[in-house]
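The sequence and structure are shown first.

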Amino acid sequence: MATVELRNIKKRFGKTEVIHGVSTEIDDGEFIVIVGPSGCGKSTLLRMVAGLESVSDGEIRIDGSRVNEREPMERDIAMVFQNYALYPHMTVRQNMGYGLKIAGTPKRQIAAKVDEAAALLQLSDYLDRRPKALSGGQRQRVAMGRAIVREPKVFLFDEPLSNLDAKLRVQMRLEIKELQERIGVTSLYVTHDQVEAMTMADRMIVMNAGRAEQIGKPLDVYERPATLFAAQFIGSPSMNVLDGRIEAGEMRLGSAALGPAPAGLPDGPVKLGLRPEHALPDPDSPLRLRVRLSEPLGANTLLHGQLDQAEAPFTACLAGVHRTNGSGEIIPLRVAPEAIHLFSPETGDRLN
Amino acid sequence: MEKRVTFKGWMLPLLLVAPQVVISAVFFFYPAGQAIWQSLFIPDPFGLSMEYVGLGNFEYLFGNRYYLASFVTTALFSTLVTLTSMIPALFLAVMADRLIKGAGTYRTLLIWPYAVAPAVAGVLWLFMFNTRVGVVAWYLGRLGYDWNHVLNETEAMGLVVVASSWGRISYNFLFFFAALQAVPKSVIEAAAIDGAHFWRRFFTIVLPLISPTTFFLLVVNVVYAFFETFGVIHTITSGGPQQATTILVYKVYADGFVGQDLGSSAAQSVVLLVVVGLLTVLQFRFVERRVHY
Ligand SMILES: Nc1ncnc2c1ncn2[C@@H]1O[C@H](COP(=O)(O)OP(=O)(O)OP(=O)(O)O)[C@@H](O)[C@H]1O
Ligand SMILES: [Mg+2]
């Protein structure tokens, strides 16, 4: 169990810089999820912590001591790979015990630890099988088991669930989270799935193009996204972003007035962020959604279309069943002024 | 999901295997049958008459000191050739696999020797080690070592082994390199995180994972050492000195074509056939068990 510190971490491959300085401090026992679109540098960041990639600039500290120059094996970490990376020629028992065997742990102790981990992961019946003879979910658990038995200071996960089907993914998501809470090991978990990030993270790092756009608790990020990118990446369906204005202390979208703007903002163009679930039907509202497509999901209904006042498409998520008269229906919607996010059109930074 | 090509009818499959069957029949089964037939006779040197002797040729062979010595020579020679051609190849492949830049050039350079025909390779090595004009022999002389593979049996064996293995290193290298590249990188990384240093990873992870290739090369190289090294031996030592480098194949040639003892030569071919068959079966039976596919 340990703290992890990233201090202005940069990574260059040749001349191209792919990570542009990420800093954060991770508490002992915290579950941190690194989330972002494909190619944003999540894996690279994780692999630098693991010691599988060199650090071009900055410093990584585990438990207070600098580890930049240490080999992976000297960092006391364990990693779960996307493709599990099990040793195909070894049985489950051997796979899980490999690290301990190398560390010179007595055989009896290895067996005890492997048995314990196997029981925890419901793998006891499969200990003598080779990975080839296991299902995806079981392989995933073996990979977890291999990480657990070594009792490392830090767990690293690189998209460990992306090879599983949707249902198993939800189940394993819970299992991993529960397990981590039970054994309380500091964890870094990489995913491109914002639902995984929201549900598992104590705190998350939202990454985009090699930068940490926002670091915070999932609900904080959801409620107060620091940038336009974080706003659109977190939350499903994603936030509607429209070109609006602030005029005489009021937020306006085209001709429609949306309510008073927060104090201190100068007049001028702004990006308005409206979450689909914050749109409510209101016959008196000037915002009118022209519905193009409706997706009834049962618990709620997604309406896709366009507002009279804006060019950009708009999605509303209404609670419960909402029967429409098909395409072309017009629904007046209201969004409470407090629920509107304002971003700078130039920098994408949050304004309110 | 396995995708199979399915053939309708039997004409096409038959047509596809026909070349192999025909070639095997003409160049293997027919000569093999001939050899077995001839091994039962002693023809006169001019081939005008044949005398039926039953298993006489075989009885004579196994009572013959030189023939039995040739067995030992062959065992020694093929073991040495297999080891000398596989171990350096594996080592070079491991090094090439570690390279990120320049692996292509390195690989190409290592493949070149394979393009040299065995007999030419033999001549090459012969020139280098020629007792009178060879460069290497000359330098060895300057260092105080009197190289003479024409008289020294150990040196002769060493030279034919090196000359036979040299070109094979390229061939083996290619296979080992491909096998190493096919080992998933993340498995190696997982082992590194688990605490295994380079050589530990090599012996506990990499070697087991490339064992199908190693096994394949073992079979191929033993067969090579048995049969295809004729050219090298013929050019460098002609089986000498005192038959120290006369492997079974060379003896077939020496007794049959040079000694004109066609019956014995045919019997030797039959023995060789059986030995190689047995070896291959043995290898598959025993070595394959330790191979993880
Ligand atoms: N060895 C390398 N050499 C050069 N560029 C690399 C190398 N590895 C990664 N990159 C680049 O670094 C960037 C980040 O890659 P990385 O694998 O960290 O992305 P990721 O966020 O994990 O994406 P994904 O979700 O697809 O796994 C990418 O633009 C990638 O092309
Ligand atoms: Mg990745």
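## Strand pairing in chain A

β17(A) and β18(A) form a hairpin with five residues between them. Strand β18 covers residues 313–319 of chain A, and seven antiparallel bridges pair β17(A) with β18(A). Within this pair, A:His304 lies opposite A:Thr315. Strands here are DSSP runs of E of at least two residues, helices are runs of H or I of at least four, and both are numbered from the N terminus; two strands pair if DSSP finds at least two bridges between them.

β17 (residues 300–307) is also joined to β16 (residues 287–296) by seven bridges, again antiparallel. A:Val291 faces A:Gly305 of β17(A). Three residues separate the strands of this hairpin, in which A:Gly298 has a positive phi near 95°.

## Basis of the model

The model is predicted: local features need pLDDT of at least 70, side-chain atom pairs count only at pLDDT 80 or more, and totals for chains, interfaces and linings use all residues. Residues are numbered from 1 along each chain as its sequence is written, chains are lettered from A and ligands numbered from 1 in the order written, and side-chain values use heavy atoms, without hydrogens and water.

## Cavities

Two cavities of 30 Å³ or more are present. A cavity is a set of points on a 1 Å grid over the protein atoms alone where a 1.4 Å probe fits but cannot get out, and lining residues have an atom within 4 Å of a point. Grid points are joined across faces, edges and corners, and volume is the space filled by probe spheres set on them.

The largest cavity has a volume of about 50 Å³. Its lining includes A:Arg146 and B:Asp194.

Key: On a 1 Å grid over the protein atoms alone, a cavity is a set of points where a 1.4 Å probe fits but cannot get out, and a pocket is an open set with protein on both sides within 12 Å along at least five of seven lines; lining residues have an atom within 4 Å of a point.
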